[in-house]
Amino acid sequence: MSELSGDLLPLWESLLTEAGLPAPSDLDSLKARLPALLAAMAPRVLLLDGLEQVPGGLELLNLIPVPLPEGIKVILSVRSDNRREELE
């Protein structure tokens, strides 16, 4: 994983804390434990919006386990154009 992957840890920490689950302290632990953590969150729909706007956000897709645990659905969105500058 790249250095930008470190920006993903706070995102997952927030998500897991909101679900009342302990967040791993590093990305390797997160990747290893994510299937079990997601299973513990079920049933749940995770809406991940604007991933291209988060530094390293598209790398989040590499962390999501396939197949997803039963009871977990993920909806994600990314912008297909480069209009980010216009929005700022």
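Leu9, Trp12, Leu15 and Leu16 of helix H1 meet Leu27, Leu30, Leu34, Leu37, Leu38 and Met41 of helix H2, where contact means heavy atoms within 4.5 Å. The residues of this contact divide into 10 nonpolar, no polar and no charged; Ala, Val, Leu, Ile, Met, Phe, Trp, Tyr, Cys and Pro count as nonpolar, Asp, Glu, Lys and Arg as charged, and the others, Gly among them, as polar.

The model is predicted: local features need pLDDT of at least 70, side-chain atom pairs count only at pLDDT 80 or more, and totals for chains, interfaces and linings use all residues. Residues are numbered from 1 along each chain as its sequence is written, and side-chain values use heavy atoms, with hydrogens and water left out.

| Helix | Residues |
|---|---|
| H1 | residues 8-18 |
| H2 | residues 27-41 |

The axes of H1 and H2 (lines fitted to C-alpha atoms over the stretch in contact, with angles from 0 to 180 degrees between N-to-C directions) come within 12 Å and cross at roughly 25 degrees. H1 is therefore roughly parallel to H2, a term for angles under 35 degrees.

In the whole protein there are four helices and two strands, in the order α-α-β-α-β-α along the sequence. Helices are DSSP runs (H or I) of at least four residues and strands (E) of at least two, numbered from the N terminus. Of the 88 residues, 30% count as buried, that is, under 20% relative accessible area with a 1.4 Å probe, protein chains only. Among contacts between residues at least 6 apart in sequence, 63% join residues at least 24 apart.

Methods: Angles under 35 degrees count as roughly parallel, over 145 as roughly antiparallel, 65 to 115 as roughly perpendicular and the rest as oblique. Buried means under 20% relative accessible area, exposed over 50%, partly exposed in between (1.4 Å probe, protein chains only).
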